[in-house]
Amino acid sequence: MVDSASSPLVVGIGGTIGGVSSTERALRIALDAAEREGFRTRMFGGADMARLPLYDPRATQRTADEEAFVDAVRQASAVIIASPGYHGSISGVVKNALDLLEETARDARPYLADMPVGLIATAYGWQATGSTIAALRSIVHALRGWPTPFAAAINTQVTKFDAEGGASDPAVVEQLGLIGRQVARFAPLAAGEVVGM
């Protein structure tokens, strides 16, 4: 992780309950690529999302875990979302975390407004990867974010991840790196940090 507190932040959201998953390992590769571009990163994996209660819009108080998640997204310059494909769509824990962003509805920058958002879908087979990416794109649009041009669809029946931050297919590692580089490249544009904006 890049140490400088002044560096822009990329928040990673994704994983599954019950241990480190292929989804989390894929997300970590993408976040590592953003770090190499000079960004700080913070990852909310399956264990973090498991601590988030089911989103209740009428709740008058939020847990410390809910507040930490929302605060991190508020500080972010970009987000990367990774979900396993469950029954043709995103997992419940990822959706619940994204639902919690309703807490930002009245912020000056609500939801994921104007942020580049990288997308990753993993599934045991190809069919669910495409529909999961489509669902993530739809959700990001609803949250006013900008899905990056490239999204990674990973068939975990074919590609295996290891604990050292690699994968059996070098092309998949390159695709995940591209997602990290794209969110890093587009974050300054979203912030208006280019000439003429």
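# Report on a predicted protein model

Phe 44 and Phe 69 are both buried. The structure described here is a predicted model.

## The aromatic pair

The structure holds 1 aromatic pair. Its members are Phe 44 and Phe 69, arranged edge-to-face, with a centre-to-centre distance of 5.1 Å and an angle of 85° between the planes. Phe 44 belongs to strand β2 (residues 40–44) and Phe 69 to helix α3, so that the pair links distant parts of the chain, 25 residues apart.

## Strands and the units they build

Strand β2 runs parallel to β1, and 5 bridges join the two. Within this pairing, Gly 12 has Met 43 in β2 as its bridge partner. Together with helix α1 (residues 22–36), β1 and β2 make a right-handed β-α-β unit.

Strand β4 takes part in two further pairings. With β3 it runs parallel, joined by 6 bridges, and Ser 83 stands opposite Ala 121 in β4. With strand β5 (residues 146–155), β4 pairs in the parallel sense over 7 bridges; here Val 117 stands opposite Pro 147 in β5.

Two right-handed β-α-β units also involve β4: one is made by β3, α4 and β4, and the other by β4, α5 and β5. The table sets out the strand pairings.

| Strands | Direction | Bridges | Residues facing each other |
|---|---|---|---|
| β1 and β2 | parallel | 5 bridges | Gly 12 and Met 43 |
| β3 and β4 | parallel | 6 bridges | Ser 83 and Ala 121 |
| β4 and β5 | parallel | 7 bridges | Val 117 and Pro 147 |

How many residues of β4 are buried? The strand is mostly covered, with 8 of its 8 residues buried. Pro 116, Gly 118, Ile 120 and Thr 122 point one way from β4, whereas Val 117, Leu 119, Ala 121 and Ala 123 point the other way.

## Helix α4

Helix α4 also contributes to the interior. Its buried residues include Val 93, Val 94, Asn 96, Ala 97 and Leu 98. The buried residues of this helix pack against β1, α2 (46–50), α3, β3 and α5.

## The nonpolar cores

The largest nonpolar core has 34 residues, of which Val 11, Ile 13, Phe 69, Val 79, Ile 81, Leu 112 and Leu 119 touch the most other members. At least two residues of this core come from each of β1 (9–14), α3 (64–75), β3 (78–84), α4 (92–99), β4 (116–123) and α5 (127–142). The largest share, 5 residues, is supplied by α5. Apart from this core lies another, of 22 residues, among them Val 10, Ala 30, Ala 167 and Val 183.

Leaving aside residues up to four places away in sequence, Val 11 touches Leu 31, Arg 42, Phe 44, Ala 72, Val 73, Ala 76, Ala 78, Val 79 and Ile 80.

Ala 152 is placed in strand β5. Is Ala 152 buried or exposed? Its relative accessible area is 0%, and because buried means under 20%, Ala 152 counts as buried. Residues up to four places away in sequence not being counted, Ala 152 touches Leu 119, Ile 120, Ala 121, Ile 133, Leu 176 and Ile 179. The C-alpha atoms of Ala 152 and Ser 131 are separated by 12 Å, the two residues being 21 residues apart along the chain.

Thr 159 has its place in the loop between β5 and α6 (170–190). With a relative accessible area of 4%, Thr 159 is buried. Its contacts, again without residues up to four places away in sequence, are Ile 154, Ala 167, Ser 168, Asp 169 and Val 172. Of these, Ala 167 is also a member of the core of 22 residues.

Asp 107 is found in the loop between α4 and β4. Between the C-alpha atoms of Asp 107 and Val 10, which lie 97 residues apart along the chain, the separation is 19 Å.

Key:
Residues are numbered from 1 along each chain as its sequence is written. This is a predicted model: local features need pLDDT of at least 70, side-chain atom pairs count only at pLDDT 80 or more; totals for chains, interfaces and linings use all residues. Side-chain values use heavy atoms; hydrogens and water are left out. A nonpolar core is a set of buried Ala, Val, Leu, Ile, Met, Phe, Trp, Tyr and Cys residues joined through side-chain atoms within 4.5 Å. Buried means under 20% relative accessible area, exposed over 50%, partly exposed in between (1.4 Å probe, protein chains only). Helices (H or I, at least four residues) and strands (E, at least two) are DSSP runs, numbered from the N terminus. Contact means heavy atoms within 4.5 Å. Two strands pair if DSSP finds at least two bridges between them. A crossover is right-handed if, with the strands pointing away from the viewer, the path from the first strand over the helix to the second runs clockwise. Rings of Phe, Tyr and Trp (its six-membered ring) pair if their centres lie within 6.5 Å; planes under 30 degrees apart count as stacked, over 60 as edge-to-face and the rest as tilted.
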